[in-house]
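Here's a quick briefing on how the pieces of this fold pack against each other. Have the structure open while you read.

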Amino acid sequence: MSVWEVHGIESKIRDILSNVEYLSKSDHHFGTPFLTAYQIAIELNDRFPEIASELRYQVGGQGTNEKNSLAQYLALQLSRYIKSGKILDIEGAFLSNNNLDDISFSNNATRLVSSLTRSQYDLSMYRFIK
């Protein structure tokens with residue numbers, strides 16, 4: 001079995017996405033908020049640090065000096081499962097890099113800067129579809 005299956009990562013991501021705090025009205029016509037792969041990775045690592053440890057991945061971002069990251073792993077797996085139709089209640093999208101200088105996240109009070117801004121890759125994001 002894969003790490004994805006052994007740790008039930010899909011269900012853990014579904015729980016993270018279905019409990020996103022709304023800053024606007026929860027009945028807004030835009031629907032539920034998106035989380036980037038970084039935000040999901042940060043939350044998953046906070047709750048289940050053994051997963052990243054077993055995968056030997058850091059959460060990700062600029063300055064890690066690592067080719068692979070937990071954020072990248074989660075984005076790849078989610079993309080594969082959504083494309084294959086195995087996941088039907090999570091939607092994926094991209095945030096364009098157009099005119100974006102940087103985007104950063106708080107990772108346990110440490111600033112994590114996306115390594116995708118100003119690159120040839122757009123930032124993936126996901127949301128739970130109710």
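Let's start with helix α2 (residues 9-18) and helix α3 (residues 37-47), whose axes come within 10 Å and cross at roughly 110°. This is a predicted model, where local features need pLDDT of at least 70, side-chain atom pairs count only at pLDDT 80 or more, and totals for chains, interfaces and linings use all residues. Residues are numbered from 1 along each chain as its sequence is written, and side-chain values use heavy atoms, with hydrogens and water left out.

**α2 against α3**
- The two helices, α2 and α3, are therefore roughly perpendicular to each other (angles of 65 to 115 degrees count as that; under 35 is roughly parallel, over 145 roughly antiparallel, the rest oblique).
- Axes here are lines fitted to C-alpha atoms, for helices over the stretch in contact, with angles from 0 to 180 degrees between N-to-C directions.
- On the α2 side you'll find Ile 9, Lys 12, Ile 13, Asp 15, Ile 16 and Leu 17, meeting Ile 40, Glu 43, Leu 44 and Arg 47 of α3 (contact means heavy atoms within 4.5 Å).
- Sorted by class, that α2–α3 contact has six nonpolar, no polar and four charged residues.

**α3 against α5**
- With α5 (70-84), the α3 axis comes within 8 Å, and the crossing is again at roughly 110°.
- That makes α3 roughly perpendicular to α5.
- α3 brings Ala 37, Tyr 38, Ile 40, Ala 41, Leu 44 and Asn 45, while α5 brings Leu 70, Ala 71, Leu 74, Ala 75 and Leu 78.
- By class, the α3–α5 contact comes out at ten nonpolar, one polar and no charged residues.

**The sheet**
- Three strands make an open sheet in the order β1-β5-β2, with antiparallel pairing (strands pair if DSSP finds at least two bridges between them).
- Helices (H or I, at least four residues) and strands (E, at least two) are DSSP runs, numbered from the N terminus.
- At the edges sit β1 (35-36) and β2 (90-95), each pairing on one side only.
- β2 and β5 (residues 123-128) share six bridges, and Ala 93 has Met 125 in β5 as its bridge partner.
- Helix α2 packs on the sheet, touching β1, β2 and β5, and its direction makes about 80° with that of β5.

**Salt bridges**
- The count comes to six salt bridges (a side-chain nitrogen of Lys or Arg within 4 Å of a carboxyl oxygen of Asp or Glu).
- Arg 14 lies in α2 and Asp 89 in the loop between α5 and β2, so the pair ties together parts 75 residues apart in sequence.

Terms used:
Nonpolar A, V, L, I, M, F, W, Y, C, P; charged D, E, K, R; others polar.
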